[in-house]
Amino acid sequence: MRIRIDKWLVVLVVAGLASLSWWMPVEQGPVSKLVTAPEKRHIPDYYLGDFDLTTMNAAGRPRYYLQAQGMSHYADDDTAEMAQPRLTVYRHEAAPWVVRSREAQVAAAGESVLLQGDVKVERPAQDRRGRLEIDTASLRVVPAKEYAETDQPVVIVTDFGVTRAIGMQADLKQQQLQLLAQVRGEYAKR
């Protein structure tokens, strides 16, 4: 008789533990609330030092030429950061535009480039067009559209004088600048 009571006691304890193991998750809520997603980290997945890159157009001519002292790429958002970048945008039969700065951030898939720190844009003289230099603190460039813009103060130096403004939009393809506010100029007779 003693063996039978021990067997029933073990069966009752096991059944009690089984029902308790069913009841605990019900009281604590769904398991998905307890498990958290791993934290995404913004760390470089690769780094390039002193590099240059040439992008060609459909005719096989250089379209862009990019040089930088270094670049760090981040896989979590597919962005890149560059040190001392210099971007040359070639035009078919026009002088190239050269843009340089202390640093730049490249958006995912290279759709836009934000240049920051002592940004300088230069276009050498060609035919009837004189030289052009633009200085600003930051400049966003959309290479595929050959477009650049800033909401920062700009200083434009040409053969004719100096123009200052707040904000600028530049169509590099058409070689046109639109100054947005507080435009002031000092011009010399030619």
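Before moving on, a word on what you're looking at. This is a predicted model, where local features need pLDDT of at least 70, side-chain atom pairs count only at pLDDT 80 or more, and totals for chains, interfaces and linings use all residues. Residues are numbered from 1 along each chain as its sequence is written, and side-chain values use heavy atoms, with hydrogens and water left out.

**Zoom out**

Colour by secondary structure and you'll find two helices and eleven strands (DSSP runs numbered from the N terminus: H or I of at least four residues for helices, E of at least two for strands). Starting at the N terminus, the order is α-α-β-β-β-β-β-β-β-β-β-β-β. The chain has 190 residues, and 28% of them are buried.

**Back to Arg131**

Arg131 and Asp159 make a salt bridge, with their closest N and O atoms 3.4 Å apart (the cut-off is a side-chain nitrogen of Lys or Arg within 4 Å of a carboxyl oxygen of Asp or Glu). This pair links distant parts of the chain, 28 residues apart: Arg131 is in the loop between strand S7 (113-123) and S8, while Asp159 is in the loop between strand S9 (147-158) and strand S10 (161-171). Asp159 is partly exposed too, at 44% relative accessibility.

Now pick Glu133. Its side chain also meets that of Arg131 in a salt bridge (3.5 Å, N to O), and Glu133 is partly exposed at 23%.

**Next pair**

Select Glu149 and Arg140, a salt bridge whose closest N and O atoms are 2.9 Å apart. Glu149 has a relative accessible area of 23% and Arg140 one of 31%. Then show Lys120, Arg131, Glu133, Asp135 and Asp159 together: salt bridges with shared partners join them into one network. Across the whole structure, the search finds seven salt bridges.

**Into strand S8**

Which residues does Ser138 touch, beyond its neighbours within four places in sequence? Select Ser138 in strand S8 (residues 132-142). Its contacts there are Leu115, Gln116, Val119, Thr150 and Gln152 (contact means heavy atoms within 4.5 Å). Ser138 is buried, with a relative accessible area of 14%.

**Last stop**

Finish at Asp78, in the loop between strand S2 (62-74) and strand S3 (79-83). Asp78 is partly exposed at 36%.

Definitions and conventions: Buried < 20%, exposed > 50% of the residue type's maximum accessible area, 1.4 Å probe, protein only.
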